[in-house]
Amino acid sequence: MDLSLARRAEPELLDGLAAEDPRARRSRGDLQRIHRAMATIPIVERALDRGTSGFVPRTLLELGAGDGSLMMRLAQERAARWPNVHVTLLDRLNLVAPPTLDGIREASWTPTVVTMDVFDWLAQRDDSRWDVVLANLFVHHFAGRELQRLLAGIAARTCVFLCCEPRRSALALAGSHMVGLIGAGSVTRQDAVSSVRAGFRSRELSSLWPNAQDWVVSEFPAGLFTHCFLAVRKER
């Protein structure tokens, strides 16, 4: 199958389920297993090392933070090198359980949960900025003007942006059809395929990043199934 054709972003099943729906709970657990299978944390850490060379971030924002488990693992891994980080977890639903917040605090990071749609957040008259903005399996949900608006809003609020998204490739599509082998439920099995079809390749995100002359922008594959985009402002 030729996946070089235009990407197709469509609503995923999980997005339409209530937070307490048993299928949604199972899918969130599935995502944790998928992150481990895809080695998401090592991929994110290597990219962050590239993007933050020469300085230690003090503020970090995660967009589409979900249940916060990925951020907790990141805090635990980086606490020694990045002490006392203030991290904001933004998602349209508040899914972060108290034990997850406690886990972040135990790593000497200070978490704040913001329950808000990302475009409502962008629409705020707020000049807050973060040293790093991170998104994982989030940006691929958007297309067209929404995607451009999202990237422009992020660029105005940070000096380092990293997103790790599905790679739109034949191998990734084949892998998405096999997530049932790690115990994924029906919602995740369908959403995994949709995610790959909405994924990125080549320099698709770089071409949309605003004022690219002011940034060092890179876009690269990571692992078997992940596509990363990293933007670092030249003058911080």
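User: Why is Glu10 called partly exposed?
Analyst: The relative accessible area of Glu10 is 33%. Buried means under 20%, exposed means over 50%, and partly exposed is in between (1.4 Å probe, protein chains only). Glu10 falls in the middle band, so Glu10 is partly exposed. This is a predicted model, where local features need pLDDT of at least 70 and side-chain atom pairs pLDDT 80 or more, while totals for chains, interfaces and linings use all residues. Residues are numbered from 1 along each chain as its sequence is written, and side-chain values use heavy atoms, without hydrogens or water.

User: What makes Arg8 and Glu10 a salt bridge?
Analyst: Their side chains come to 3.7 Å, N to O. A salt bridge needs a side-chain nitrogen of Lys or Arg within 4 Å of a carboxyl oxygen of Asp or Glu. The pair meets that limit, so the term applies. Arg8 is partly exposed too, at 44% relative accessibility.

User: Why can such side chains pair at all?
Analyst: Opposite charges can pair when the charged atoms come close.

User: How many salt bridges does a search of the whole structure find?
Analyst: Ten. One of them joins Arg78 and Glu45 at 2.8 Å, N to O. That pair links distant parts of the chain: Arg78 sits in helix α3 and Glu45 in helix α2 (residues 40–51), 33 residues apart. Helices here are DSSP runs of H or I with at least four residues, strands are E runs of at least two, and both are numbered from the N terminus. Arg78 and Glu45 are both buried.

User: Which residues are linked in a network of salt bridges?
Analyst: Glu45, Asp49, Arg78 and Arg81.

User: Why are α3 and α4 called roughly parallel?
Analyst: Helix α3 (residues 69–78) and helix α4 (residues 98–106) pack at about 20 degrees, with axes 8 Å apart. Axes are lines fitted to C-alpha atoms, for helices over the stretch in contact, and angles run from 0 to 180 degrees between N-to-C directions. Under 35 degrees counts as roughly parallel, over 145 as roughly antiparallel, 65 to 115 as roughly perpendicular, and the rest as oblique. The angle is under 35 degrees, so the pair is roughly parallel. The contact (heavy atoms within 4.5 Å) includes Met71 and Met72 of α3 and Ile104 of α4. By class, this contact has five nonpolar, four polar and no charged residues. Ala, Val, Leu, Ile, Met, Phe, Trp, Tyr, Cys and Pro count as nonpolar, Asp, Glu, Lys and Arg as charged, and the others, Gly among them, as polar.
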